[in-house]
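Subject: Structure handover

Hello,

Here is the structure you asked about. Please open it and keep it beside this message as you read.

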Amino acid sequence: MHLLVPLHGIGTRHDLPLPFSFVVVGAALALVISFVVLFFAWRRPRYLEPGGTELPRLTRIVDSAAFRLAARLVVLAVYAWAALALFAGKDLLTNPVFGFVFAWMWVGLVPLSLLLGAFWRVTNPLRSIHRGLCAVARTDPRVGLVELPPGVGIWPAAVTLFAFGWLELVQPNRTTLSVLQLWAVAWVVVVVVGAVVFGSRWIAAADPFETYASVVAQLSPWHRVRGQLRLVNPLAGLNHWRPPPGSAAVVSVLLGSTAFDSFANTTWWIQTVQSSDTSSVVWATAGLLLMILIVLASFSLAAAWMARYGRDRSLPATEYPRRMAGSLVPIAVGYAVAHYTTLLVIEGQRTAINLSDPLGRGWNVFGSAGMGVNSAIYDHVTAIAVVQLLAIVSGHILGIVAAHEKSLALLPTRSALAGQWPMLLVMVCYTCAGVILLFSP
Amino acid sequence: MPRFPRPFALLAVSTTATVALLSGCTSSPSVDAAPSSSASAPSTSASPPSTSASASSTSASSSPTATSPSTSAPGAADVVTLDISIKDDQVSPNGEKVNVAKGQTVKMTVTSDSDDEIHAHTGGEGFELEVMAGKPAVGEFVASEAGSFEVESHHLEKIIVILVVR
């Protein structure tokens, strides 16, 4: 029997609903910890300096031309192999490219960026392609035809990340080659042509994968200070991040699309969409957009509230969401871990197996073709639930602590409490919504 | 003002608290999940009307033909029966969640007013049932792996039920 084409994404199996007791515990913890932080946490900023241990030797190694070239070539080769499967492989679910895009590239980016820091910026295959083009044309990759205005920040990436979310959650027939080929070509054209026009800064501004990786890497223990790599407390590293314009939108897209993925599995949503005469594409597009806008609006309003008490009276309220964007990163990462860990484990394995035979010709290039997917993880029902809850709750704790730290820098000590309670409330709502969505009503 | 512990101490404390709280809680769900206990969808009870209250009692389905999953016969506790009807491009049941104990057989009876294919994801290679218009089709498979699985109408691209296998 051939593999069934699933309606929703590549995973044919979803996690079990979180037991209700876990939901109660998660929500209670979120609430209690938030109040503890609000009332008892430190009253002076403590992470103004990133601190940590300087790593000059490691910096020399990772910055060496040979190391960079080797890392770029390895990543480029992996992507070229996936491209072979995408453009020359068979249109079957055994084609590794589906798992490569939705599990390895998208979900795998999170643990890799947490462990390795800002590696993606260095090894991004589209940067390598752009650099190659510039070498042929004998131009400086940093210089384009037009200068990108500094206010653009990473706004383009908010749009391209939404596009990827749409592909992942809405696009009909997303697990067919023709659809994925079209999106892959669009991705390369938008990023590489944009880089030719605006210079390589465009890649950091618009490539959804690089932006996602860079945002998550802010939570990694590796941080660069004045060019030198340091091993730092991730909270100090996150606090040291100066989010570019558009960061609040980017993080809202990440959080909102993960939330919508769960929301779309609720019985209420499935029944509403399936009983309606309106196409499910319209429903899902509207739902995805609405979920992102809810996150963006609630977060921006809570951040803008802080402007009433701000130390710097000349800083407009519209600047606050960007300054606070870092505190949403742990929450978005917690959501992603809770939702996609089993998918990464299962589909990640399947992809590794299928990559031995990219063209579906019975090859066994890496010796993995005969291996089976080890799905033993699904037997540990309670362990999965505990990991999910811990991810959401830890993300919440790091999020409110990061928000508290930033508030202390932005607000005078006496009004720190009055200024940050809406932000805390919003974060408690995100966390409760996160565990309730995992309960999958 | 007490000095606040370092954030990672806080994280460690709350992690421990979570695990401690949960280890107290997990005893109750594991009772529900016990195989062949009456807590899951099919009941060993011989009276089908009372068993149909389980699993999809929250159903918003309006079709009277949509019987909730129930045991087909007394003594068939290891079988969950799904009566599926497809009419005017609407599926019934309509996207409901159905609890199944791991190892139970899921038996589907499908009537449809158009040709269709029913796909059930099972964690393995999945299960397919061809349905001809107007002819009731019957198929069954064993829910051998834990997880949430969609049973869907392939032609309508609609989810009929989500099997919650524990």
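Predicted model: local features only at pLDDT ≥ 70, side-chain atom pairs only at ≥ 80, totals over all residues.

Residues are numbered from 1 along each chain as its sequence is written, while chains are lettered from A and ligands numbered from 1 in the order in which they are written.

Confidence
The predictor gives the complex an ipTM of 0.83 and a pTM of 0.86. pLDDT is the predictor's confidence in each residue, from 0 to 100. For chain B the mean pLDDT is 69, and 54% of the residues reach 70 or more. Over residues 24-75 of chain B the pLDDT is below 50. That stretch still has 85 contacts in the model beyond near neighbours in sequence. A contact here means two residues whose C-beta atoms, placed from the backbone, lie within 7 Å.

Chain B
Chain B has three helices and nine strands. Both are DSSP runs numbered from the N terminus: helices are H or I with at least four residues, strands E with at least two. The order from the N terminus is α-α-α-β-β-β-β-β-β-β-β-β.

Four of the strands form an open sheet, in the order 2-1-4-7, with mixed pairing. Two strands pair if DSSP finds at least two bridges between them. Which strands stand at the edges? Strand 2 (90-92) and strand 7 (137-142) of chain B do. Each has a single partner strand, so one side of each is left without a neighbour in the sheet.

Look next at strand 1 (residues 79-87) and strand 4 (residues 105-112) of chain B. They pair in the parallel sense over eight bridges. In this region, Ser85(B) stands opposite Thr111(B) in strand 4 of chain B.

Of the 166 residues of chain B, 39% count as buried. Buried means that 20 or more other C-beta atoms lie within 10 Å of a residue's own, with C-beta atoms placed from the backbone; 12 or fewer is exposed, and in between is partly exposed.

Ser113 in chain A
Find Ser113(A) in helix 5 (residues 109-116) of chain A. Is Ser113(A) buried or exposed? Ser113(A) is buried, because 23 other C-beta atoms lie within 10 Å. Leaving out residues up to four places away in sequence, Ser113(A) touches Trp120(A), Ala213(A), Val216(A), Ala217(A) and Ser220(A). Gly151(A) is 38 residues from Ser113(A) in sequence and 26 Å away in space, C-alpha to C-alpha.

Best wishes
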